[in-house]
Amino acid sequence: MLRVNHWLAPRWIRQWMLLASRGGDGWLWSVIGLVLLCFGGERRFDALGAAFVAVGAGQLTFFVLKRIAGRERPCATEPHCWASLLPPDRFSFPSGHSITAFAIAFSLGLYYPELLVGLIFCALSVASSRVILGLHYLSDVLAGVAIGSAIGLAAFAWVRSIIPA
């Protein structure tokens, strides 16, 4: 993280990471949800239901773990990198952006396999932006990816079990 934090990335990477991090604040997932609501076919309500369950479970998990871990963010202990984004809170572990991104990517992507690669790309962009922007340690993001993926898979399975295809 420290090496990446001091790296002066090319302008296009800096812009991509800033956009990915801002998209991970919720607007990217909202736009994807609206598109699926309008054009998602018969399974859209099931898919969006799974995504809502995944986001809710992810947020709950993230709030509890952040309070238990109490790990300070890298930007609180190290000189901040080139990014000027302020962290949403003072705790670092786990990455809530990564949890949400992967929970949504898997819960929606399993309903729409043709979108899975694009959703994973978006989630990876959000997750990597958190390290590159100096807002999280790599371990925060890797934990967020694992937790979010598990929650997304579980939400998909749970919704499929109560609403058969």
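## Basis of the model

The model is predicted, with local features needing pLDDT of at least 70 and side-chain atom pairs counting only at pLDDT 80 or more, whereas totals for chains, interfaces and linings use all residues. Residues are numbered from 1 along each chain as its sequence is written, and side-chain values use heavy atoms, with hydrogens and water left out.

## Overall make-up

The chain contains 7 helices and 0 strands, where helices are DSSP runs (H or I) of at least four residues and strands (E) of at least two, numbered from the N terminus. Read from the N terminus, the order of elements is α-α-α-α-α-α-α.

Of the 165 residues, 45% count as buried, that is, under 20% relative accessible area with a 1.4 Å probe and protein chains only. Among contacts (heavy atoms within 4.5 Å) between residues at least 6 apart in sequence, 79% join residues at least 24 apart.

## Helices H2 and H3

The axes of H2 (residues 11–39) and H3 (residues 44–69) come within 9 Å and cross at roughly 160°, the axes being lines fitted to C-alpha atoms over the stretch in contact and the angles running from 0 to 180 degrees between N-to-C directions. The two helices H2 and H3 are therefore roughly antiparallel (an angle over 145 degrees).

In this contact, Gly33, Leu36 and Leu37 of H2 meet Arg44, Phe45 and Leu48 of H3. The residues of the contact divide into 4 nonpolar, 1 polar and 1 charged, with Gly counted as polar, Leu and Phe as nonpolar, and Arg as charged.

How values were computed
Parallel < 35°, antiparallel > 145°, perpendicular 65-115°, else oblique. Buried < 20%, exposed > 50% of the residue type's maximum accessible area, 1.4 Å probe, protein only.
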